Amino acid sequence: MTIPTKVLARKDALHKLINKYNYLYYTTDNPEVTDSEYDRLFHELKQIESDYPSLLTMDSPTRRVGGQVLEKFDQVTHTIPMLSLDNVFDDEEFFAFDQRVKDWLNTEQIQVYIAEPKLDGLAISLRYEDGVLVQAATRGDGAVGEDVTANVRTISDIPLKLHGRNVPGVIEIRGEIFMPKGGFDALNKQQIIDGKKAFVNPRNAAAGSLRQLDSRVAASRPLEMICYGLGELNGLKTMPVTHSEAMALVADMGCRISKELQQVSGVVSCLEYIKQIGERRESLPYDIDGVVFKVDDLQLQHRLGFVSRAPRWAIAHKFPAQQEMTVVEDIEIQVGRTGALTPVARLKPVFVGGVTVSNATLHNQDEIDRKDVRVGDTVIVRRAGDVIPEVVQVVMSKRAADVAAYKIPAQCPICDSLAERVEGEAVLRCTGGLYCAAQRKEAIKHFASRKAMDIDGLGDKIVEQLVDESLIGDPADLFALTNEQLAALERMGDKSAENLVNALNDAKQTKFARFLYSLGIREVGEATARSLALHFLALDTLKIADEAALIEIEDVGPVVARNIVTFFGQVHNQVVIERLLDAGVTWPQEEKLSANSELSGKTVVLTGTLEQLSRSEAKEKLLASGAKVAGSVSKKTDYVVAGLDAGSKLTKAEGLGITVVDEATLIEWIR
């Protein structure tokens with residue numbers, strides 16, 4: 001048979017690519033492509049070798065199991081090779097596997113399989129002699145692995161000595177060392193804090209941890225192991241006859257096996273198992289990428305045997321890939337309801353995690369810099385369950401020479417207001433809160449809320465309708481609404497419209513502190529708004545205050561001061577405030593507190609039921625008197641006002657020796 005030149009060239013190219021990716025994955029623990037991309041290349045090579053058998057050479061990657069052995073570790077020759085598994089990707093392929101098993105066994109009997117999740121970790125073989133762990137080796141190339149005994153001894157759920165009455169003279173227990181999701185997240189957070197490179201996924205974190213020359217590193221990592229099979233087994237009085245019996249033996253000796261291990265009969269039961277594990281995939285504490293099925297009968301396993309790199313009696317049914325490669329076509333900025341500027345990668349559409357993904361979050365500038373993501377880059381994208389797709393890493397070997405680093409712009413892309421990064425935060429935020437279209441719904445809802453302008457009847461749904469119908473664009477537009485405009489809204493009749501217009505008119509008479517709070521200045525809550533109102537007394541005075549003047553107020557620190565100066569420095573915000581005043585929003589002149597006020601600067605806690613004042617009235621009057629109102633009792637508390645049925649706060653106050661007063665004393669003070 002004449003082999004086309006392009007087929008020969010493609011075969012050679014696949015050899016080089018797969019060998020390269022094997023080295024990066026197994027040997028350096030730094031994969032450059034996703035598992036799904038590797039699988040596609042591997043299957044393409046197998047298909048070429050199937051179509052042209054003469055191209056199947058002894059050095060073909062399809063004959064290899066894993067990667068090469070690192071020279072820094074001693075080598076271990078496996079008594080029984082550690083084989084890999086062939087994969088299937090859909091129900092039809094699994095049916096074909098089951099039929100091949102029947103054909104090889106020359107039977108049509110329903111086959112009994114053992115099923116369990118396919119862990120995404122590092123294969124390991126533990127050798128016990130007379131019950132004592134004497135050696136731990138990685139799979140390596142299937143025939144020879146690496147001696148990682150010192151590191152494996154640090155993993156707490158691996159017994160150093162087997163227990164039970166039925167411990168054989170020699171047993172090799174095989175399984176997967178992995179890192180649970182929670183441990184992986186904690187490790188990566190610490191890596192970033194320490195200025196180190198974050199791991200791409202739990203599998204690489206586990207492999208990198210296990211292959212450390214210093215076993216103290218492995219001991220500090222949250223590694224675990226689940227056992228799934230046996231290698232050499234000698235000196236056992238009664239040998240297991242099924243795989244399930246072998247796993248029960250392993251568990252009896254103190255080794256951990258999968259809680260999901262289940263015996264299933266026939267293809268239909270197997271497919272049902274795949275479905276239920278797939279539905280629970282995200283809730284499992286560890287990463288899996290499929291389900292493994294093994295013929296349960298060990299005698300049948302022996303009859304079936306194996307091909308060059310995989311047993312005929314087992315198969316891995318792989319789930320849809322959670323990671324894929326694609327290209328970043330652009331980076332755009334989305335502005336959230338709180339003004340946060342979030343960079344989003346616009347991707348060449350790719351099927352990952354069961355859906356087509358065309359966008360992935362880049363979180364913030366720090367994350368862009370850490371991963372060095374640029375427009376035009378080839379990247380690995382991850383999507384797991386309902387998690388928002390994210391860029392995991394850049395494939396540096398595919399980067400063009402002319403791509404430029406990306407920086408988030410200093411202006412909001414929606415309203416062109418200044419974007420600032422608050423100290424202690426990773427995100428940039430738009431400062432045009434009253435004006436920015438991306439924030440207007442939330443800004444207006446806050447403006448109308450009970451503790452702000454308290455506009456009765458203006459609920460969230462009505463605000464959303466008004467914005468969606470383009471009837472309002474900022475809070476000032478509320479006071480120009482007419483009965484006719486409101487009555488035309490869905491589920492809003494003439495009477496409701498009239499009531500809302502009246503409520504808007506009533507809300508124009510407010511208090512300076514409420515007005516300041518309603519503006520939604522970042523970090524300015526009720527108490528800070530009250531302190532600003534009492535200190536500056538007038539809006540014009542506050543608007544021209546600099547940071548130094550603001551910091552003189554006890555409730556105001558450098559961050560809040562900067563937010564206030566920035567807010568009043570934005571022309572957009574100035575325009576909205578002027579329109580609010582022109583619409584008739586007003587408040588009585590604030591009076592300067594007496595310096596010898598009983599409550600000025602004091603911290604007060606309210607507890608129990610007050611008879612003459614509501615809790616909110618009492619709080620407002622205390623704030624107006626210059627007090628701070630706290631929610632819990634501490635050593636910094638000056639007074640506790642105790643009403644009826646006062647509970648644990650009163651008990652704590654008495655224990656700390658804090659002055660306790662009744663409602664009558666409170667009323668006398670605020671009067």
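Let me start with where α3 meets α9: Asp91, Phe94, Phe95 and Asp98 on the α3 side are in contact with Val267, Cys270 and Leu271 on the α9 side. By class, the residues of that contact are 5 nonpolar, 2 charged and no polar. Bear in mind that this is a predicted model.

Now the geometry. Two packed helices are described by the angle between their axes and the distance between the axes. Here α3 covers residues 91-105 and α9 covers residues 266-280, and they pack at about 140°, with the axes 11 Å apart. Roughly antiparallel would need an angle over 145 degrees, so α3 counts as oblique to α9. The crossing of these two helices is right-handed.

On to the cores. The largest nonpolar core contains 54 residues. Which residues have the most contacts inside it? They are Ile455, Leu478, Leu516, Leu519, Leu532 and Phe568. Several helices each supply at least two residues of this core, among them α12 (440-448), α13 (460-468), α17 (526-536) and α20 (558-569). The biggest contribution is from α15, with 6 residues.

Take Leu532 as an example. Leaving out residues up to four places away in sequence, Leu532 touches Leu516, Val524, Leu537 and Leu542, and also Leu550, Ile553, Val556 and Ile564.

As general background, nonpolar side chains in soluble globular proteins tend to be buried together.

Technical notes:
Residues numbered from 1 in each chain as written. Predicted model: local features only at pLDDT ≥ 70, side-chain atom pairs only at ≥ 80, totals over all residues. Heavy atoms only, no water. Core = buried A, V, L, I, M, F, W, Y, C linked by side-chain atoms within 4.5 Å. Buried < 20%, exposed > 50% of the residue type's maximum accessible area, 1.4 Å probe, protein only. Helix = DSSP H or I, 4+ residues; strand = E, 2+ residues; numbered from the N terminus. Contact = heavy atoms within 4.5 Å. Axes fitted to C-alpha atoms, helices over the stretch in contact; angles between N-to-C directions. Parallel < 35°, antiparallel > 145°, perpendicular 65-115°, else oblique. Left-handed = near helix turned anticlockwise from the far one by under 90°. Nonpolar A, V, L, I, M, F, W, Y, C, P; charged D, E, K, R; others polar.
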